[in-house]
Amino acid sequence: MAKPVVLIAEELSPATVAALGPDFDVRNVDGTDRPALLAALAEANAILIRSATHVDDEAIAAAPQLKVVARAGVGLDNVDIKAATEAGVMVVNAPTSNIISAAELTIGHLLSIARHIPAANASLAAGEWKRSKYTGAELYEKTVGIIGLGRIGALITTRLQAFGMNVVAFDPYVTAARAQQMGVQLLSLDELLAQSDFITIHMPKTPETTGMIGAAQLAAMKKTAYIVNVARGGLIDEDALADALENGIIAGAGIDVFVSEPPTGSRLLGLANIVVTPHLGASTDEAQEKAGVSVAKSVRLALDGELVPDAVNVAGGVIDPTVRPGIPLMEKLGQVLAGLAEAPLASVDIEVRGEIVEFDVSVLRLAALKGLFSNTVSEQVSYVNAPILAEQRGIAVRLTTDPVSDEYRNVLTIRGATSEGHQLSVSGTLTGPKQVEKIVEINGYDVEVPFAEHLIVMLYTDRPGIVAIYGKQFGDAGINIAGMQIARQRAGGQALSVLTVDSPVPEGLLQTVRDAIEADSLLEIDIVED
């Protein structure tokens, strides 16, 4: 039999090719040469790329035998994941390959801005000898605030504790018990800004976190404080940062990532009290080699028909066809539970009931955790690192199965207990010949609501006129309600309403509605699909 064809479209380390082994027909092509790439894809079973090769719908259509796209790195902006999934092509990356490099670059920026190393180097290279001009600050016994205590934040914590620094952190998804294990004090964001001498940010870029450090937050920092961002461009408002640096509101900054890259014309590039680098977080030989070796192993698994730990879509792996539709459903349930949790989770129970338990459903545990963390951590969440993320946050996870399901053929449930002792749950099922994904229970209330991109979940005291009140509020604001269901356990008790709406709801409107109906809880939950 002919060996499977593995196409290498960019320069990768010799260790990557060695990790593939002798079982494949390894071919090379310049991924930036579009005609050559499309021609080579005609026989390819797998393609290994970095950032320069674009695997879009045209490339996937040109590759009828393609089973896996492997990106030797973290980002997947150059891969059309939707098109790949629709074509049954697995997409894998190396989500943990650069975490040490990113953590070390953060430390480099902290030291550089504290001791003015780049400016002092430039001065000396120009023939000057101005020691007093570059008097710096020690890290020892200073307070560093880490915004986002995920894997990179944890690595930075251990390294800065070795410098004798006091570490505080803001992360709404980390429990106090987990922070205590790390020797970190959890604070609110306002407290962290006010107390820290150095701040480093490691959050995912979402609509909520974009611009999370703006003029008001910078003004709340010490005038002697420094801030570093090697995570995502846009987490810090760049114009506000430039103003703060120019006007002495803070002492300095270290920036590796920008809203627009390269940051041509950025005000930040001409300032004396900032250290800038051209997105070097993953730019080490070690990170590149780890990424290549990691995806080479994933390619071997994918071409052997195995479940790939680093798959970012759900098209591949040895999963029974009966189980496979439950994977995206369970991921969405995880997102709903994360949206319901207004405090860090301490434990998560995944329950699978019905005929489906005759098969191996362990992948549903991974899918639940992937959904739980997909919108709440800075890392690219995959099946391999979702359990690690749970472990890092001190979340106990358990999967249970039961062949008995009373109302539906199969029901998937995620139950969570928060660090404050609140119990949460959400259940879902697949109905009809089209296998429509539905929510059938929230926090003990029976509902039957198809999934939508935007969900509103309200809990309030049942009384006449409530629907009219919030219906008018949303209508006046131009928010169209696509679907609605109300559940209650007794007349006059608490009622739970679930709305599907066609567009995001501004936070101010949510608060207005919450006040108008005197809701005990009113949350918007946005469902994001890969």
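Tutor: Start with a definition: a cavity is a set of grid points where a 1.4 Å probe fits but cannot get out. Its volume is the space filled by probe spheres set on those points. Keep in mind that this is a predicted model.

Student: How many cavities of 30 Å³ or more are there?
Tutor: The cut-off is 30 Å³ or more. By this rule, the count is 4.

Student: How does the lining of the second largest cavity divide by class?
Tutor: This cavity holds about 50 Å³ of space. Among its lining residues are N229, G233, G234, E238 and F258. Gly counts as polar. The division is 6 nonpolar, 3 polar and 1 charged.

Student: Now the surface. Which residues form the nonpolar patch with about 230 Å² of accessible area together?
Tutor: One of them, M484, is found in strand 20, residues 481–488. The patch is formed by V467, M484 and I486.

Student: Why does M484 count as partly exposed?
Tutor: Buried means under 20% relative accessible area, and exposed means over 50%. Partly exposed is in between. M484 counts as partly exposed because its relative accessibility is 43%.

How values were computed:
Residues numbered from 1 in each chain as written. Predicted model: local features only at pLDDT ≥ 70, side-chain atom pairs only at ≥ 80, totals over all residues. Heavy atoms only, no water. Patch = residues over 30% accessible without salt bridge, like charges linked within 9 Å, V, L, I, M, F, W, Y side chains within 5 Å. Areas by Shrake-Rupley, 256 points an atom, 1.4 Å probe, with all protein chains shown as cover. Salt bridge = Lys/Arg side-chain N within 4 Å of Asp/Glu carboxyl O. Helix = DSSP H or I, 4+ residues; strand = E, 2+ residues; numbered from the N terminus. Buried < 20%, exposed > 50% of the residue type's maximum accessible area, 1.4 Å probe, protein only. 1 Å grid on protein atoms, 1.4 Å probe; cavity = no way out; pocket = protein on both sides within 12 Å on 5 of 7 lines; lining within 4 Å.
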